[in-house]
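Let's take a friendly walk through this structure together. Have a look at the model first, and then we will visit a loop and a pair of helices.

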Amino acid sequence: MSSENVTNKASIKGGEFLVRETPAQEVFIPEEFSEEQKMMAQACSDFIETEITPNADRIDSMKEPDLVPSIFKKAGELGLLGITVPEQYGGLGMSFNTSMLIADVIGAAGSFSTTYGAHTGIGTLPILYYGTEAQKEKYLPKLATGEWAACYCLTEPDAGSDANSGKTKAVLSTDGKHYNITGQKMWISNAGFADIFIVFAKIEDDKNLTAFIVEKTFGGITMNEEEKKLGIKGSSTRQVFFNDCPVPVENMLSERGNGFKIAVNILNIGRVKLGAGVLGGCRTVISYATQYANERKQFGVSISSFGAIKSKLAEMATKVYVTESLDYRAGQNIEDKINDLIAGGMDDAKAKLKGVEQFAIECAIAKIHSSEVLDYVVDQGVQVYGGMGYSADAPMERAYRDARIARIYEGTNEINRMLMIGMLLKRAMKGELNMFEPAMAVSKELVSVPSFTTIDKSVLFNAEKEVVKNVKKVFLMVGGKAAMALQDKIEDEQEVMMNLADILIEIYAVESSMLRTEKLVSQRGEEACKDYIAMTQIYMAQAIDKVNAAAKEAIASFTKGDEQKVMLMGLKRFTKMDLVNTKELRRQVADTMIAKGKFPYYFA
């Protein structure tokens, strides 16, 4: 490990946030990054300013085939490609949450963020986590320094979300020395200049995929031209064809039939990294929109003085603040679990996989929430610019197009919603997560006379904590009843699964932002944190409305009669909260932004 500050804390279970009260001092907040971590973030930011921003149009044009590979190699020289690769393999050996921070900053790099993420994540991590020592020694130093670029070949024309249905075959040669791989892969990021391909194929009639490390020089590899895409135009994306590509048997990754597990675990990492990876782009768009609102005059005044514009700016900032809160909370939970497992004697690579797997639910939440916030931010950015926002000469056009992919890759948001609820229910059924006792307690509460307790609202967040506690009861009430009513058919009721996912996402998001703000207040005082308090209250008011709507839709779909009435009464009770003047709170936040002329809440 590097010398960065890493605080070991007792780890919790993934999904446990739903059934336990989390103290604010327990969560990690991004304001706690060390000076070394902030220096790495600044180096990454300087790299973007020097290498990416001035060349953005050239990168997106794809007319200079050597441009992106040359920038990629410069990133390697700065150490940006080896953040989490151990020092013994030529990397920096930094922590999981540091890699989240770098993904965050690189999010402002447009198309290059996809190039970066595909290489450092799904391209490199399968070898780091599943490779033999010989494979790690051979490949990781070249990947960490940018000497070689990597890509990940999973998706096929008929195998997208159902990745294990892929038809690519690996046939053992008669001399037993090679597997000959034949098949077609599509939407492969970095394929145009990659030296290493992580390829998934089936051997004989195996049920599950097997993974292989394939070097471009092995032969039998051809490609289509670059795909013409809606956005991220400057990232290489091609179809790749393997025609009896000979791969030495020692280049099998892990063991036969373990490829699907590799794909799932690596995608979990990709999801939480994508959650952080939208943040840099969000902040950039917000800063552009704020500057433009200050400069653009209508009716003799800056449009930033208009309430409608203030509302947009504050909403954008609020959503990003909440997203930061949940992304870095999840990142540190993963890191704490990894550290616990290593301290218990587990191998480093296995501990990292197990740590991420434990928080697969939070990884999916981060991916969904963050990608949808990104879409919101770029859409509102265009709107603030008005007619100019529709111009290809304004910065919003590229951001708007580039953002759309985030809701699709690393598993569509719909698939992720269903996966997270499926995982939660399975853990509950196995007894890994105690959901049934709290759910039964909520059922009893529904038919009991409500007890009213006086809450001291003079204490910051006392009332909000009660709201969060009650919103968790909404999930337990609706999820518990759905599981009982639908039983093993619940996974076929995708609409209900998505309703439950929306409730769970809002619980995690609103609690994460509240805990972050509470911790900040304990460190800085209320006056210094008034905007953070405002953003937390704005988001909570909206989250409760979303929970209410999702719960109602679910309840209507599988209950009727008296049972439905009881549940609706419970929903009304559990989503009750004081009315919040969000208009004034948004104006307060927007005034700070307008005065600073940018997104002013950045922590690094």
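Strands here are DSSP runs of E with at least two residues, and they are numbered from the N terminus. With that in mind, you can find G176 in the loop that links strand 2 (169–172) and strand 3 (178–189). Keep in mind that this is a predicted model.

Is G176 buried or exposed, or something in between? Its relative accessible area is 33%, and because buried means under 20% and exposed means over 50%, G176 counts as partly exposed. For a sense of scale, pick out K519 as well: G176 and K519 lie 343 residues apart in sequence, and their C-alpha atoms are 60 Å apart in space.

Now turn to helix 8, which covers residues 259–277. At 1.5 Å a residue, its 19 residues should span 27 Å, and the end C-alpha atoms are 26 Å apart, which agrees. Of those 19 residues, 16 are buried, so helix 8 is largely enclosed by the rest of the structure.

The crossing is right-handed.

Which residues make the contact? From helix 4 come F96, S99, M100, A103 and D104, while helix 8 brings I269, V272, K273, A276 and G277. An α-helix has 3.6 residues a turn, so residues three or four places apart point the same way.

Note on methods
Residues numbered from 1 in each chain as written. Predicted model: local features only at pLDDT ≥ 70, side-chain atom pairs only at ≥ 80, totals over all residues. Heavy atoms only, no water. Axes fitted to C-alpha atoms, helices over the stretch in contact; angles between N-to-C directions. Helix = DSSP H or I, 4+ residues; strand = E, 2+ residues; numbered from the N terminus. Left-handed = near helix turned anticlockwise from the far one by under 90°. Contact = heavy atoms within 4.5 Å. Expected span 1.5 Å × (residues − 1). Buried < 20%, exposed > 50% of the residue type's maximum accessible area, 1.4 Å probe, protein only.
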